[in-house]
Amino acid sequence: MSTQPLIAAIEGGGTKFVCGLGRGPDEMLATHRVETTTPDETLDLVCDWLSQMKHQHGPFEAIGVGTFGPVDLDPQSETYGYITSTPKPGWQQTDVITPLKDRFKVPVGFDTDVNAAALAEFLWGAGQGMDPLIYITVGTGVGGGVWVNGQLLHGALHPEIGHLAVPPPLNSLAVNPDCQCPFHKSCVEGYVCGPAIAKRWGVRAEMLPVDHPAWEEIADVMAHALMNLTLTLSPKRIILGGGVMAQPQLIPRIRGKLISHLNGYLLIPQLQREIEQYIVPPGLGSHSGLLGSLALGRMALQ
Ligand code: ADP
Ligand code: ZN
């Protein structure tokens, strides 16, 4: 057993909350899934499981939470630790950390699910030593977290990479070619999140054949987003995770299109012969978010 502190980790998603108890990536003692229903019900079930774990394994020293957002990350704000203006029904202005603090009386680390994932990939996964590092998930939504100058990027809010504006995919053969985001006319999430793909092409993303024209379009949109991120943040590596990115043909196409969109402007090795080390899949598979939440808990102790 390592000497690392025992931490409770919570990855809050729009479909499910995944909870875990452990000391590090190689020492997870238990995990548990709670469906995302109403905030009260979901957080109660999470707390009940954590109480049960405390009973079985002894007290944990901190809790780390990485959740869908937007969230308030400003410790000076009255709504610090809240999920704020989310379009998810019933979850607007939800205080996530007070119920946890009240019940368990330990420090609570709090960040976005994608910042948590970026942190875990930096510490233990495919982004080790890479600063700046960007982690993007393409799943039910699209989101991105950023590790830069030795910390997770916050700011007036936090990165909202899923809503970067991109040109509409040209010559789309989709029946519903419009961007599906309720807020924007032409953003990444509106074209390439799982539900947007299903709506555009009339079939669930996982059912589309490998040679379907959808993948060319998705790669094109993603490459525009990565071009914008490359030009603004100058990352050393970009990690692409989430259900949609499980399609193995996507990353090679995205790499090719990124080089072609940049059109020779940035002649660094990462955008030429080292592109395979620049755009990569997660090193921690689908565990980046939960492990990152554990890391947030660890950081809350410092
Ligand atoms: P979440 O974003 O809810 O955490 P996922 O990252 O698993 O969960 O994303 C779920 C979305 O990814 C769904 O819209 C689903 O259609 C899509 N998806 C899941 N698996 C695949 C796959 N193998 N290929 C393409 N799309 C997939
Ligand atoms: Zn949008």
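Author: The account below begins with the metal site and then turns to the ligand surroundings, the salt bridges and the backbone. The model is a predicted one.

The zinc ion (ligand 2) has four donor atoms: ND1 of His163, SG of Cys181, ND1 of His184 and SG of Cys187. These atoms coordinate the zinc ion at 2.1 to 2.4 Å. The angles among the four donor atoms run from 101 to 121°, and the site is tetrahedral. For that label, all angles must lie between 85 and 135 degrees, a condition that the range of 101 to 121° meets. Along the chain, the donor residues follow the spacing H-x17-C-x2-H-x2-C. Both histidines, His163 and His184, lie in the loop between β10 (151-152) and α4 (188-192), so the pair ties together parts that are 21 residues apart in sequence.

How accessible are these two histidines? His163 has a relative accessibility of 23% and counts as partly exposed. His184 is likewise partly exposed, with a relative accessible area of 34%.

With a relative accessibility of 93%, Ala156 counts as exposed. The C-alpha atom of Ala156 is separated by 30 Å from that of Gln270, a residue 114 places away along the chain.

Which residues lie around ligand 1? They are Thr15, Gly139, Thr140, Gly194, Pro195, Ala205, Glu206, Gly242, Gly243, Val244, Ala246 and Gln247. Three of these side chains can be described atom by atom. In the side chain of Thr140, an N or O atom is 2.6 Å from an oxygen atom of ligand 1. Glu206 places a polar side-chain atom 2.6 Å from an oxygen atom of ligand 1.

Charged pairs within the protein come next. The model contains seven salt bridges. One of them joins Arg23 to Glu27, with 3.7 Å between the closest N and O atoms; both residues are buried. Another joins Arg33 to Glu35, where the closest N and O atoms are 2.9 Å apart. In this pair Arg33 is partly exposed at 46% relative accessibility, and Glu35 is partly exposed at 41%.

A further salt bridge is formed by the side chains of Glu216 and Lys257, at 3.2 Å from N to O. This pair links distant parts of the chain, since Glu216 belongs to helix α6 (residues 213-233) and Lys257 to helix α7 (residues 250-262), 41 residues apart. Glu216 counts as partly exposed at 36% relative accessibility, whereas Lys257 counts as buried at 18%. A network of salt bridges links Glu216, Arg253 and Lys257.

The peptide bond from Gly69 to Pro70 is cis, with omega near 5°, and Pro70 lies in the loop between β4 (62-67) and β5 (82-83). A cis peptide bond also runs from Asp131 to Pro132, with omega near 5°; Pro132 is in the loop between α3 (113-124) and β8 (133-138).

Positive phi values occur at two residues other than glycine. For Lys105, phi is near 55°, and for Ser234 it is about 50°. Ser234 is in the loop between α6 and β11 (237-241). Lys105 has its place in the loop between α2 and β7 and is exposed, with a relative accessible area of 68%.

The loop between α2 (97-104) and β7 (108-112) also contains Val106. Val106 is buried, with a relative accessible area of 14%. Leaving aside residues up to four places away in sequence, Val106 touches Phe60, Glu61, Ala62, Ile63 and Lys101. Between the C-alpha atoms of Val106 and Gly129, which are 23 residues apart along the chain, the separation is 30 Å.

Methods:
Residues are numbered from 1 along each chain as its sequence is written. Chains are lettered from A and ligands numbered from 1 in the order in which they are written. This is a predicted model: local features need pLDDT of at least 70, side-chain atom pairs count only at pLDDT 80 or more; totals for chains, interfaces and linings use all residues. Side-chain values use heavy atoms; hydrogens and water are left out. Donors are N, O and S atoms within 2.8 Å of the metal (3.2 Å for Na, K and Ca); water is not among the atoms, so sites may look incomplete. Four donors count as tetrahedral if all angles lie between 85 and 135 degrees; four count as square planar and six as octahedral if opposite donors are over 155 degrees apart and all others between 65 and 115; anything else is irregular. Helices (H or I, at least four residues) and strands (E, at least two) are DSSP runs, numbered from the N terminus. Buried means under 20% relative accessible area, exposed over 50%, partly exposed in between (1.4 Å probe, protein chains only). A salt bridge is a side-chain nitrogen of Lys or Arg within 4 Å of a carboxyl oxygen of Asp or Glu. Contact means heavy atoms within 4.5 Å. A residue is near a molecule or strand if one of its heavy atoms lies within 4 Å of it. A polar contact is a pair of N or O atoms within 3.5 Å; within protein, one must be able to donate a hydrogen and the other to accept it, and residues adjacent in sequence count only if both atoms are side-chain atoms.
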